[in-house]
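Colleague: I have a model to go through with you. Can we take it topic by topic?

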Amino acid sequence: MTKKQKTMLLRILLAFAVFAALLVCEHAGMLKQLSGPVLFLVYAVPYLVIGYDIIWKAFRNISHGQVFDENFLMMLATFGAFGVQEYSEAVAVMLFYQVGELFQGYAVGKSRQSIAAMMDICPEYANIEQDGQLVRVDPDDVETGSIIVIKPGERIPLDGVVTKGESFIDTAALTGESVPRKAAAGDEIISGCVNGSGTLKVRVTKEFDDSTVAKILELVENASSQKAKTENFITRFAKYYTPAVTIAAVILALLPPLVLGGGWAQWMQRACIFLVISCPCALVISVPLGFFGGIGAASRIGVLVKGSNYLEAMSEITTVVFDKTGTLTKGEFKVTEILPSARSDAQELLELAARGEGYSNHPIAVSLRAALKEMYGKEADMAQVTGAEEIAGHGLRVNVDGRKVLLGNEKLMKQEQAAYEPCTSAGTVVYAAADGIFLGAIVIADTIKDGAQGALADMKRSGVKKTVMLTGDRRPAAEQAARELGIDEVHAELLPADKVACVEQLLNSQKEKERLAFAGDGINDAPVLTRADIGIAMGSMGSDAAIEAADIVLMDDDITKIAAIVRISRKTMRIVKQNIVFALGVKALVLILGAFGAANMWEAVFADVGVSVLAILNSMRALKAEQNGH
């Protein structure tokens, strides 16, 4: 509880103690001998203790041209109650209204805690070594390529690559993961995380303004500006509703006595009751609070939602479209099959391919060398490898031990007129020939992400009707991955522009109130992320362009979080709709009763403060929406 909230609690307790004593005295008949003005002053004491700030805010807002708000309604209603000598009701209304405000402040504080945790990731300094001494500098002043030192327990100030040292990195603030990740020389680390027990030297790869932490802070700061349709409706509703009920209360106070004659005090009291009931606090507070709680719940599991409008749209998601590489798969190529011909054997074929690709940094070349070391414990011997010539879109021609070796796809074999045996296995196929003799084929495939199959099944359980995969990969490899994952529809061999066209077709086939989400991680996914109803980017390994274009960012690239966000968004929308129906229903009923004199000030207090407190407590349930959606 904040200092301000503690002060408010003390004021409530003090005012309640005085008010309770006055009620006891009044019921015991001890206040009967007091004159009207004295009784007014006696009740004014607890009233001012609890309500002076409301009166101050009302007058301040009126001076700024903002007349119709809940402070004005509370002041007008309680002043009216004092005017018709309903002193205890006036104090009760203000007291319970402030109780509701305290609940609201506490609820907002709870919701903010999750998002505040994100704001705490901002590093205050970076350590740079100068003349053998560590000097603290502003992260903004560190240039790319600089070496920074991160001591145990310090927050990582900038994105970079570890050059020396080994440690475990606590990524909980960014990803929601409780298990630290190991970091050693050569590993990339991102800003905002906390270093564990080891000292690390890191080469900075991004300036602070372009770093992960800076982008996250910008996203969090801008999230509240993107309001949901429901939230905008409530804001517009309150703008017209408040002056309308104020005018209605004035008419209720003046018209019946003028038409029917007499009874001014009775109709003034009804007008005051009408004003207390009509205060739109429950809606104005609980609806944004519900969305705020949902965004907070998402941030707790390492998912950034850029605004409540995206949370609302996520609740209507029926189709999820995925990029394949890096999203559903690890983006790590591995040798899955070695198919030697009768003229070769597996070791000779793999060694020849690894040596031929020995000077390349392409993922396929890297996977061939890794497979040679893993299977046969050998490094590629490059002593007799010369004249490597890249043939665009086909493969390469290279001399190995004096033999003219061809390594590539079917097009290369046909072009060089090498008689080969076609391979139908799923994945990237590297055919090998030496001196015109076919030696066999090696199949290299991307590996499916751990838990991806379960994540897709979980999405179906959470209400997603259709899953689609888009990829530039070969059709056999794409279809194999789709079968393994349980994907409903697959489109292969696509260029970035083709992906946008596919998404356009899928969007056109959607029914009203159905939404499409696209999840991707690459720079070529940015156009599709922008075009989809909801763009979901991989924040850990994803490109800056993809994160910028996306509406929701998964900080640890874990696609199991997509189903969690669908559940959180749907729970949030249920809570928001419950609050709207409940608040409007109770208020409409009690407003009618109040206008006809069938509701007293205490029932008015419940219709306002009671409904607000219940709606706020209901909104706080959104914050409890954990990854399992319960």
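Modeller: Two ground rules first. This is a predicted model, in which local features need pLDDT of at least 70, side-chain atom pairs count only at pLDDT 80 or more, and totals for chains, interfaces and linings use all residues. Residues are numbered from 1 along each chain as its sequence is written, and side-chain values use heavy atoms, with hydrogens and water left out.

Colleague: Is Leu 516 buried or exposed?
Modeller: Leu 516 is found in strand β20 (residues 515–520). It touches Ile 317, Val 321, Leu 506 and Ile 534, among others, beyond four places in sequence (contact means heavy atoms within 4.5 Å). Its C-alpha atom is separated by 7.4 Å from that of Val 321, 195 residues apart along the chain. Its relative accessible area is 0%, so Leu 516 is buried.

Colleague: In what order do the six strands of the open sheet run?
Modeller: Two strands pair if DSSP finds at least two bridges between them. The pairing here is antiparallel. The edge strands, each pairing on one side only, are β12 (329–340) and β13 (385–391). The order is β12-β17-β16-β15-β14-β13.

Colleague: At what angle does helix α12 run to β17?
Modeller: Axes are lines fitted to C-alpha atoms, for helices over the stretch in contact, and angles run from 0 to 180 degrees between N-to-C directions. Helix α13 (residues 363–376) lies across β12, β16 and β17, at about 60 degrees to β12. Helix α12 (residues 346–356) lies across β12, β13, β14, β15, β16 and β17. Its angle to β17 is about 75 degrees.

Colleague: Which residue in β17 is the bridge partner of Ala 433?
Modeller: Strand β16 (residues 428–434) pairs with strand β17 (residues 437–448). They run antiparallel over seven bridges. The bridge partner of Ala 433 is Phe 438.

Colleague: Why does Thr 428 count as buried?
Modeller: Thr 428 lies in strand β16. Its contacts beyond four places in sequence include Phe 333, Ile 364, Ile 442 and Asp 473. Thr 428 counts as buried because its relative accessibility is 19%.

Colleague: Which residues make up the covered face of strand β5?
Modeller: In a regular strand the side chains alternate between the two faces of the sheet. Three bridges join β5 (residues 167–170) antiparallel to β6 (residues 181–183). The uncovered face holds Phe 168 and Asp 170. The covered face is Ser 167 and Ile 169.

Colleague: How many disulfides does the structure hold?
Modeller: A disulfide is a pair of cysteine sulfur atoms within 2.5 Å. Cys 423 is buried, with a relative accessible area of 8%. Cys 502 is also buried, at 9%. The disulfide count is zero.

Colleague: Is the pair of Tyr 47 and Phe 82 stacked or edge-to-face?
Modeller: Rings of Phe, Tyr and Trp (its six-membered ring) pair if their centres lie within 6.5 Å; planes under 30 degrees apart count as stacked, over 60 as edge-to-face and the rest as tilted. The whole structure has seven aromatic pairs. Tyr 43 and Tyr 87 are stacked, at 6.0 Å centre to centre and 25 degrees between the planes. For Tyr 47 and Phe 82 the centres are 5.0 Å apart and the planes at 85 degrees, so that pair is edge-to-face.

Key: Helices (H or I, at least four residues) and strands (E, at least two) are DSSP runs, numbered from the N terminus. Buried means under 20% relative accessible area, exposed over 50%, partly exposed in between (1.4 Å probe, protein chains only).
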